[in-house]
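Visitor: I would like to learn how to read domains, interfaces and ring contacts in a model such as this one. Could we take them one at a time?

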Amino acid sequence: MIQVTNLKFQYPRSTFELNIPELQIGDGEKVAVIGPSGSGKTTLLNILSGIIVVETGQVEFNGHQINTMSDRELRNLRIRQIGFVFQDFKLLEYLNVYDNILLPYRINSSMAGVSGRGSKAKELCKHLGVGDKLSKYPKHLSHGEKQRIAISRALINDPPLVLADEPTGNLDPENKMKILEILFKMSDANNSTLITVTHDHELLDGFDRIIDFADFQKSTAI
Amino acid sequence: MKDSIYLAYRYLTYNRVRSLVLTFSVAIIIFLPVGLKQLISESEDQMLARANSTPLIAGKKGSPTDLVINTLYFQQEKIETLTMEYAAILDETGFGYSIPVMSSYSARGFPIVGTSLDYFDFRGLSTQVGRLFGVVGECVIGSNVARRLDLHPGDSLISSPESFFDFAGVYPLKMDIVGVLNHSNTPDDDAIFVDVKTTWIIMGLGHGHQDLMQVNDPTIVLERSDSSVTAGAKLFMYNQIDPENIDQFHFHGDINSYPITSIIFIPENQKATALLRGRIESGEIDNQMVVPTLVVDNLLQSIFRIKQIFNSVFVIVGLAVSLIFGLVIALSLRLRKDELYTMFTIGSGKRKIAQIIGMELLLLVVTSALISGIMYFITGFFIDEFINAFII
């Protein structure tokens, strides 16, 4: 469960201030975050994942006070409990699909020695319809395929929280729906919380809840 | 660590052209000073070894360096000659024995060295096939000559004319190869050895022709008296010495007045060396006598000074390449900012990211060091050929 209380954040030398008096997101909930550009949607994802540590307010995730955790604890939290999906996929061009999915295991020593990760990666790819792409490099994949690989990477650790920052932003309408369906399906299967930042209002139907950041700018509690 | 190495390896192999360019640049910078040092050290060792094994060299007054280089390495520098008589004078001193060396001619690019059989004993040379020369007109060739020209005992070699335009000059001499020397890793491998008299025949001081006593053709024998016979240009001159015509070969004049380029003198002991050099320096015996070690040492001092200049240049080039290398890394990191931030976002620490980058650099440097090691090994393998071909 995510609990945000009296959060105030401002970037240095910026007039914008993110102000969230109170926000609760339950386990397994599928939340869409919408709002105008520059309203702080991505900033919220960064705060929830501990990339930005706030000094005013409290951010709690599954009982952990995120804004009081050490760098090491935050890194371990992100790698073990949060899956990230980005608009531009952020796959490493020099790694093939298989290695890109297993990247979280290679960049944090606390993940070393976890068994069964290879078969998990293959299983995920097969499930997402890219099982035959394991040896391909990102430059040989379509945008839809790249996002499926990025989702596989995000879900490789079965994280209880998935943060998706405009995951359909670079996709055609057909792929947008497919990717969202995949995210919903995986969220249901793992009972993981899904927070998706999106500009596509026509895709909001499947979400449990919609948070409009236009409301936060007016300091409205949800 | 294993994962960092794996990711670094993947990055380098994916960007293989960039990696190869960087690797080879660094490899060359590592190899050049080390390789040059190896080359110079080996050259020094070989030059000194050759010089150290040759106690004294006598020759006409002039450049001691030219004299030593001509005698030890058979370089075809035109140095002034001294007479064969001088070898006899040195022998008469009783301080040791002389070996004449006449090295002014060549055959198919290899020097022809006229000497005596003592030379082979002195240098410890023996034949791998065939035998040493026995009579004039025979030659024994060095192992490199045999290999490069694919020659064997039973084949022949023709001396190269001094000038293609000298129609009135001496005819080339066809020499019979009777043996091939064992490989010795010295300039002897690249030489053609003949009896010193054979070089005089090449020079035209000795020759063989039809027996004038048997010839009655007036177009050949122009004048005949009790004491002499005058022959014309139509007289057939032999250009090869064989058992049938060897008796027709003869020298005109006193052999003691014939030229040689130098004399290797082997003194009986240290005292004999000192006494002999004293006599020469006092002018009691004409010409010059040098200790090759001292001359080569002097030469090496010059090479050493050049080496020091090279070392300074390498330090500057190395520094420049290091700066460029640093710039390439900095630019590369800037280009990879997004990728590294993704790693950080997913859950990597800055230290882990630094470790991956460090591993990439380490792999580059280690590969470069390996390549320069291989280059060093290859240089070592071919160093003798290289030194013989380009340095001495």
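This is a predicted model: local features need pLDDT of at least 70, side-chain atom pairs count only at pLDDT 80 or more; totals for chains, interfaces and linings use all residues.

Visitor: How much area do domain 1 of chain B and domain 2 of chain B bury between them?

Guide: The size of an interface is often given as the accessible area lost when the parts come together. Here domain 1 and domain 2 of chain B bury about 500 Å² between them, with 42% of it on carbon and sulfur atoms, and zero salt bridges are found across their interface.

Visitor: And how many residues of chain B are in contact with chain A?

Guide: On the side of chain B there are 21 residues, in contact with 23 residues of chain A. The two chains bury about 2100 Å² between them, 62% of it on carbon and sulfur atoms. Of the area that chain B buries against chain A, 31% is supplied by Y14(B), T345(B) and I346(B), more than by any other three residues. Three salt bridges are found across the interface of chain B and chain A. D338(B) also forms a salt bridge with K90(A), in which the closest N and O atoms are 3.2 Å apart.

Visitor: Which charged end sits over the ring of F344(B)?

Guide: That is the charged end of R78(A), 5.0 Å from the centre of the ring of F344(B). Within chain B, the charged end of R336(B) sits over the ring of Y11(B), 3.5 Å from its centre.

Visitor: How many aromatic pairs does a search of the whole structure find, and why is the pair of F9(A) and Y11(A) called edge-to-face?

Guide: The search finds 14 aromatic pairs over all chains. Planes over 60 degrees apart count as edge-to-face, and the rings of F9(A) and Y11(A) have their planes at 80 degrees, with centres 4.9 Å apart, so this pair is edge-to-face. F9(A) is buried, at a relative accessible area of 12%, whereas Y11(A), at 33%, counts as partly exposed.

The rings of F74(B) and F193(B) also form an edge-to-face pair, because their planes stand at 85 degrees, with centres 5.9 Å apart. This pair links distant parts of the chain, 119 residues apart, with F74(B) in the loop between α3 (64–73) and β2 (82–83) and F193(B) in strand β9 (residues 192–195).

Methods. Residues are numbered from 1 along each chain as its sequence is written. Chains are lettered from A and ligands numbered from 1 in the order in which they are written. Side-chain values use heavy atoms; hydrogens and water are left out. Rings of Phe, Tyr and Trp (its six-membered ring) pair if their centres lie within 6.5 Å; planes under 30 degrees apart count as stacked, over 60 as edge-to-face and the rest as tilted. Buried means under 20% relative accessible area, exposed over 50%, partly exposed in between (1.4 Å probe, protein chains only). Helices (H or I, at least four residues) and strands (E, at least two) are DSSP runs, numbered from the N terminus. A charge sits over a ring if NZ of Lys or CZ of Arg is within 6 Å of the ring centre and within 35 degrees of the ring normal. Buried area is the accessible area (1.4 Å probe) that two parts lose on being put together, summed over both. A salt bridge is a side-chain nitrogen of Lys or Arg within 4 Å of a carboxyl oxygen of Asp or Glu. Contact means heavy atoms within 4.5 Å.
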